[in-house]
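Here is a friendly walk through one protein model. Have a look at it first, and then we'll go through a few spots together.

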Amino acid sequence: MSSELHQRLDAANARIQCGNDERAAGADDKARAIADEAARRGRGGARQLAEELGVSEKTISQAIARARNAPSSSSRMLPPDTLERLLAAELETLPPLLRLHWEAVAWIVRGTIIDATWIEQPGELLAQEVEDAGLDGTVQPAALAETCRGLSRVQALAVIDTCQRNDLTVLPVKEQAP
């Protein structure tokens with residue numbers, strides 16, 4: 001198998017694992033909530049809770065057991081939408097480009113396999129892709145590549161994410177001089 005295929009499969013497996021970990025953490029949180037409420041209600045609380053939630057008492061006792069064995073919830077975690085909010089905030093700090101330039105960058109991103117190696121220097125790698133793309137001279141590839149090199153790591157990742165989602169309307173556009 002090609003290394004490109006291995007990279008794509010590794011990225012897909014990492015994403016699946018992340019989803020599985022998040023699902024397990026959510027189930028632990030749900031179990032803790034049930035256990036806490038059953039304890040708060042005291043004697044007979046598990047039975048009351050089972051009736052209220054429309055589940056069996058066995059389901060409640062399984063949740064309580066899971067809560068006892070679950071990792072501590074005291075570890076601090078960022079809210080689940082932190083990445084999306086960070087990338088959106090970075091979009092607001094981007095230099096405005098002509099719509100033509102953003103479209104060229106999006107075309108390049110959609111034709112490029114972006115993997116974990118891009119985390120270190122996404123602006124530089126994006127600039128190299130711009131230089132290698134054989135873009136029309138009206139796009140001014142050298143200037144566009146320099147703009148990409150000037151992006152911070154998070155700005156470049158925000159641009160890549162936006163281009164991959166094909167949502168160019170959120171990118172700042174400057175009007176072309178007459």
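## Starting at Arg110

Let's begin with Arg110, which sits in helix α5, running over residues 99-110. (Helices here are DSSP runs of H or I with at least four residues, strands are runs of E with at least two, and both are numbered from the N terminus.) Arg110 is partly exposed, with a relative accessible area of 45%. On that scale, buried means under 20% relative accessible area, exposed means over 50%, and partly exposed is in between, using a 1.4 Å probe and protein chains only.

Which residues does Arg110 touch, if those up to four places away in sequence don't count? They are Cys163 and Asn166, where contact means heavy atoms within 4.5 Å.

## A word on the model

This is a predicted model, so local features need pLDDT of at least 70 and side-chain atom pairs count only at pLDDT 80 or more, while totals for chains, interfaces and linings use all residues. Residues are numbered from 1 along each chain as its sequence is written, and side-chain values use heavy atoms, with hydrogens and water left out.

Is His101 buried or exposed? It counts as buried, at 8% relative accessibility. Setting aside neighbours within four places in sequence, His101 is in contact with Val139, Gln140 and Leu144.

Thr162 belongs to helix α8, residues 153-164. Thr162 is buried too, with a relative accessible area of 0%. Beyond residues up to four places away in sequence, Thr162 touches Leu91, Asp167, Leu168, Val170 and Leu171.

How many disulfides does the structure hold? The count is 0, with a disulfide being a pair of cysteine sulfur atoms within 2.5 Å. For Cys148, the closest cysteine sulfur is in Cys163, and at 9.1 Å that is too far for a bond.

Both residues are tucked away: Cys148 is buried at a relative accessible area of 3%, and Cys163 counts as buried at 0%.

## How α1 meets α3

Two packed helices are described by the angle between their axes and the distance between the axes. Helix α1 (residues 3-41) packs against helix α3 (residues 57-69) at an angle of about 110°, and their axes are 8 Å apart. (Axes are lines fitted to C-alpha atoms, for helices over the stretch in contact, and angles run from 0 to 180 degrees between N-to-C directions.) So α1 and α3 are roughly perpendicular to each other; angles under 35 degrees count as roughly parallel, over 145 as roughly antiparallel, 65 to 115 as roughly perpendicular and the rest as oblique.

On the α1 side, the residues that meet α3 include Ala24, Asp28 and Ile34, and their partners in α3 include Ile60, Ala63 and Arg66. By class, this contact of α1 with α3 has 10 nonpolar, no polar and 3 charged residues. (Ala, Val, Leu, Ile, Met, Phe, Trp, Tyr, Cys and Pro count as nonpolar, Asp, Glu, Lys and Arg as charged, and the others, Gly among them, as polar.)

## How α1 meets α2

α1 also packs with helix α2 (residues 45-53), at an angle of about 125° and with axes 8 Å apart. That makes α1 and α2 oblique to each other. The α1 residues in this contact are Ile34, Glu37, Ala38 and Arg41, and α2 brings Gly45, Ala46, Gln48, Leu49, Glu52 and Leu53. Sorted by class, the contact of α1 with α2 has 5 nonpolar, 2 polar and 3 charged residues.
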